[in-house]
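Hello,

The sequence and the coordinates come first, and my notes on what was found follow below.

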Amino acid sequence: MKDAPHTHHTPAGAVGSQDLAGHPGDVTLRSEGLPPWLEPVARAAATVQPHQLSRFLPPESGEGRQSAVLILFGHGPRGPELLLMERAGTLRSHAGQPSFPGGALDPEDGDPEGAGPLRAALREAREETGLDPAGVQLFGVLPRLYIPVSRFVVTPVLGWWREPSPVGVVDPAETARVFTVPVADLTAPANRVTALHPLGHTGPAFQVASTLIWGFTAGVIDRLLHHAGWEQPWDADRRVPLDPHA
């Protein structure tokens, strides 16, 4: 659980909880008023190209299930931090993996080509972590990416946790835990490794918060750190084998 002050108003550019109940509501992106330390992320989001984030891009055929994740930056006791969760071990896809809050778009989220991913990211974050969307300012969207194993076409939505709210596990069948990770831990070279999948695939990973962050989530974090200018030199030859069932 994350302790934070309780607030009751909706900042401009954010969407209130009442807007997510059953109709699209008004949700927008706004970069004004961000803390200075977050401005490099906003600039990167505005200029980064899809191939600079991942080699896994949505199929040109348009196949895949539209989804969104919320990459939520807050400010904690140790400075900037990210909100993450660990998926329940009983889920059919990506079981037990640390991830951003998120999931597939629902019809009520609206147009996948418009504000649908923004609404989906906030709705899923509320359903999975108890987050109050009223305290979130959405400020950017990254290019759509693709997760081949689950065939999700993912829109990463960037948010500033302007007015934090308590968060925690809402449904143990979906979420094992909810936690924050200081950006300082993610950039620390000692916490960075290369994950080695049993099938031979490799990718960036982070040994933080008593877990190993790898896969899609780690890949996005890695590229965000790089393009925001926060990355520190680290030893990519340090390899950690993943569980054979990963």
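**Nonpolar cores**

The largest nonpolar core counts 36 residues, and those with the most contacts inside it are Val41, Ile71, Phe73, Phe139, Leu142, Leu158 and Leu186. Helix H4 (residues 215-227) supplies the largest share of this core, 5 residues. Another core lies apart from it, with 20 residues, among them Val27, Ala121, Trp161 and Val178. Please keep in mind throughout that this is a predicted model.

Which residues does Ile71 touch, leaving out those up to four places away in sequence? The list is Leu82, Phe100, Leu142, Pro156, Val157, Leu158, Gly159, Val220 and Leu224. Of these, Leu142 and Leu158 are also among the residues with the most contacts inside the largest core.

**Overall make-up**

The protein has 4 helices and 12 strands. Of its 246 residues, 50% are buried. Taking contacts between residues at least 6 apart in sequence, 69% join residues at least 24 apart.

**Cavities**

How many cavities of 30 Å³ or more are there? The count comes to 3. My notes here concern the second largest cavity, which holds about 40 Å³ of space. Its lining consists of Phe73, Leu82, Val183, Leu186, Ile221, Leu224, Leu225 and Trp230. Helix H3 (183-187) and H4 are the elements that give two or more residues to this lining, and H4 provides the largest share, 3 residues. By class, the lining residues of the second largest cavity divide into 8 nonpolar, no polar and no charged.

**Thr217 in helix H4**

Helix H4 also contains Thr217. Is Thr217 buried or exposed? Thr217 has a relative accessible area of 6%, under the 20% cut-off, and so counts as buried. Not counting residues up to four places away in sequence, Thr217 touches Leu84, Pro98, Ser99 and Phe100.

**Salt bridges**

The structure holds 10 salt bridges. Two of them involve Arg123. In one, the side chains of Arg123 and Glu124 meet at 3.3 Å, N to O; Arg123 and Glu124 are both buried. In the other, Glu127 pairs with Arg123, with the closest N and O atoms 3.4 Å apart. Glu127 and Arg123 both lie in helix H2 (residues 116-129), 4 residues apart, or about one turn of the helix.

Arg123 counts as buried because its relative accessible area is 3%, under the 20% limit. Glu127 has a relative accessible area of 38%, which lies between 20% and 50%, so Glu127 is partly exposed.

A further salt bridge joins the side chains of Asp222 and Arg223 (2.9 Å, N to O). Asp222 is buried, at 7% relative accessibility. Elsewhere, salt bridges that share partners join Asp106, Asp109, Arg123, Glu124 and Glu127 into one network.

Where do Ala209 and Ser210 sit? Ala209 is in the loop between strand E10 (202-208) and strand E11 (211-213), and Ser210 lies in the loop between E10 and E11 as well. Phi of Ala209 is near 50°, a positive value in a residue other than glycine. Ser210 likewise has a positive phi, near 60°, and is not glycine either.

Their accessibility puts them in separate classes. Ala209, with a relative accessible area of 32%, is partly exposed. Ser210 has a relative accessible area of 79%, which is over 50%, so Ser210 is exposed.

Regards

Note on methods:
Residues numbered from 1 in each chain as written. Predicted model: local features only at pLDDT ≥ 70, side-chain atom pairs only at ≥ 80, totals over all residues. Heavy atoms only, no water. Salt bridge = Lys/Arg side-chain N within 4 Å of Asp/Glu carboxyl O. Buried < 20%, exposed > 50% of the residue type's maximum accessible area, 1.4 Å probe, protein only. Core = buried A, V, L, I, M, F, W, Y, C linked by side-chain atoms within 4.5 Å. Contact = heavy atoms within 4.5 Å. 1 Å grid on protein atoms, 1.4 Å probe; cavity = no way out; pocket = protein on both sides within 12 Å on 5 of 7 lines; lining within 4 Å. Points joined across faces, edges and corners; volume = space filled by probe spheres on them. Nonpolar A, V, L, I, M, F, W, Y, C, P; charged D, E, K, R; others polar.
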